[in-house]
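Here is a short tour for anyone meeting this structure for the first time. Have a look at the picture, then read on.

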Amino acid sequence: MTIPTFVATPGNSPATHPGMQPQMPAWEHFAHQADIGVRGYGHSPEEAFAQAALAMIAVIADPRRIQAHETINIECRAPDLELLLVDWLNALIYEIATRHLLFCAFDVHINGHHLHATAWGENIDPARHQPAVEVKGATFTELHVDAIAPDRWRAQCVVDV
Amino acid sequence: MDPARLERHSPHEWHIPPSGNMRVPAILYAPEDLILGMDDKVYEQLVNVACLPGIVKAAYAMPDAHWGYGFPIGGVAAFDAAAGGVVSAGGVGFDISCGVRTLTTGLQRKDIEAVKRRLADTLFARIPAGLGSTGVLRLSPRDMDDMLKGGARWAVGRGFGEMADLERTEEHGQMHGAVPSAVSPQAKHRQRDEMGTLGSGNHYLEVQAVNEIYAADAAAAYGLHLDDVVVSIHCGSRGLGHQIGTDFLKTMAMTALDFGIHLPDRELACAPLDSTLGQDYLGAMRAGINCALANRQIITHLTREAFATILPTAHLHMLYDVSHNTCKEETHSVDGTPRRLFVHRKGATRAFGPGHAELPAEFAQVGQPVLIGGSMGTYSYVLAGMPTSEPQSFASACHGAGRAMSRHAATRRLSGRQVVDDLAARGILIRCVAQRGVAEEAPGAYKDVTVVVDAAEHAGLARKVARLEPLICVKG
């Protein structure tokens, strides 16, 4: 499997201007008083999930500084797409915490209630990655996975930092 | 929040009378200017909490309340198991038993001036902080279970600290009723090498100086004098607590309807106290409390070692250790009748008044120390529980300043380097892993903690004892 090329490139810098139409796939952060929201867009739920994951990584460090030296596989299962997004992000948080990895690219597949994905990344290097915070968990706050236009999916939630 | 939406009972107390599915009123303790600064989500979340089964008296918001997850941060709610009450993973939050402990040092401000830079560097080198840092211990499965049952008492038994530390810690350093088997293997795995680590975000270790005394009686009982140097440590249960929160939030959200509980917000995820799930959560959450107490105890030991190398005359004694994300079973008087209640404090500090049986004898006359962390570069405060703390809010007070600016906004408006330089110009040394993390925690990103503690005092939640000024801040 080749590493998806649409993520973590300068062309996918976050769409932070409120009126800006993001070029899909893309990600952005949104404000929450205590914490921060992560939002991914894509042509499919899978792409939106991958971009939301990238948005979460960008809370911690600049994804463009992370290299794809390690590969891990992730599986999760949940009764609906929204809980599946929370599970997916929490699975990544768990891998970051226990393997001390940061990720820069994702390939996500969803089949009904089941998600399987590949994530590429490398060991955390505090000097180079300058990790700003540790993400404690993905939350149900502002949790949405929906088609906001034909062929345009959005996946978002607030993460606790 | 528009104060016109609230019933004003005094300049510092506002009510939302029960309506719709609310079982009790909601009560906010804050002056009008803090109410105006609160997000409308705080109103919505308080109303939602007031709808939960078995809630007693009221859903409370402390003066530092802000938009949280399900419960507002700065929220307090008590539930009675006999009245169908619930325990909520959302009402405790991800960072179970996050809290503050303060140590006196026996030193004066002038004693550390010449070595301040070396002390800052040594503390930063000795105390693991930031994402991916690992602690001095790697726990075997058996050690993990012992730690989850024993808390700070376990840590002292392993040589991290002194027995006297335990008497100055809530629950005497060990939360009873912890059930390590209710904690998932994932949560334990996440904690395996994180003992004695500070974490990141708003967690820190600060060396501070007492720069104002407000209450001589309590300051004397707490061992605080003007210009004394103290150390405050703010952190929690690390990855273990985060994973317990993650595990139970999902399970409780998915099963609430099975218990006949209609959640207005999935983040209010809860289970009846008398259900297996509710009891499992209590067992796991109490293990999380022990993890946080052990973590702060190990960091205390590392801090003592760092001081010993630079300032061998220092003696670091525990002032007190408080937790501000918990659910604890306590006895409270409700309409003159003592009742066993499960008090959720989410971003709120327990504030027992004078004479409470849980207090060390030396604090019996003055009340419990309530340790309020400021934001980086601003004051912190030591408060004391008051006789009115109990009837006002199940003996609870604020926990910090509360954010005024989102992290998103802070990183766009403030540069980490500039924040560090500005603080250095004021004589405050910052040691951190990443500059961006500093921008997110900059003083300007938080409400004025002084306004918050004044509000707590005026509302009768806790009285001001001493103000602490930062000298060194180590953060992840």
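Let's start at the end of a helix. What you're looking at is a predicted model, by the way. The helix itself, α15(B), covers residues 449-458, and its buried residues are B:V449, B:V452, B:V453, B:A455, B:A456 and B:E457.

Now zoom out to chain B as a whole. Why does a radius of gyration of 21 Å fit a compact globule? Because a globule of 476 residues would come out near 23 Å, and the 21 Å of chain B agrees with that. Here are some overall values for the chain:

| Property of chain B | Value |
|---|---|
| Box filled by the C-alpha atoms, along the principal axes | roughly 60 × 50 × 50 Å |
| Share of the 476 residues that are buried | 64% |
| Share of contacts (residues at least 6 apart in sequence) that join residues at least 24 apart | 77% |

Next up is the inside. In soluble globular proteins, nonpolar side chains tend to be buried together. The largest nonpolar core in this model has 228 residues, and the ones touching the most other members are A:A52, A:A53, A:M56, A:L89, A:F103, A:V159 and B:L383. Helix α10 of chain B (residues 276-310) supplies the largest share of this core, with 16 residues. Take A:L89 as an example: leaving out residues up to four places away in sequence, it touches A:A52, A:A53, A:M56, A:A138 and A:V159.

Strands β7 (residues 144-149) and β8 (residues 152-160) of chain A run antiparallel and pair over five bridges. One of the links to spot is A:V145, whose bridge partner in β8(A) is A:A155. Two residues sit between the strands of this hairpin, and A:D151 in the turn has a positive phi of about 65°.

Finally, how do the two chains meet? Chain A brings 30 residues to the contact and chain B brings 37. On the chain A side, β1 (26-31) and α2 (81-99) each give at least two residues. The biggest giver on that side is α2(A), with five residues. Sorted by class, the side of chain A that touches chain B has 16 nonpolar, 10 polar and four charged residues.

Key
Residues are numbered from 1 along each chain as its sequence is written. Chains are lettered from A and ligands numbered from 1 in the order in which they are written. This is a predicted model: local features need pLDDT of at least 70, side-chain atom pairs count only at pLDDT 80 or more; totals for chains, interfaces and linings use all residues. Two residues are in contact if their C-beta atoms, placed from the backbone, lie within 7 Å. Helices (H or I, at least four residues) and strands (E, at least two) are DSSP runs, numbered from the N terminus. Ala, Val, Leu, Ile, Met, Phe, Trp, Tyr, Cys and Pro count as nonpolar, Asp, Glu, Lys and Arg as charged, and the others, Gly among them, as polar. Two strands pair if DSSP finds at least two bridges between them. A residue is buried if 20 or more other C-beta atoms lie within 10 Å of its own, exposed if 12 or fewer, and partly exposed in between; C-beta atoms are placed from the backbone. A nonpolar core is a set of buried Ala, Val, Leu, Ile, Met, Phe, Trp, Tyr and Cys residues joined through C-beta atoms within 7 Å. The radius of gyration is taken over C-alpha atoms; the globule rule is 2.2 Å times the number of residues to the power 0.38.
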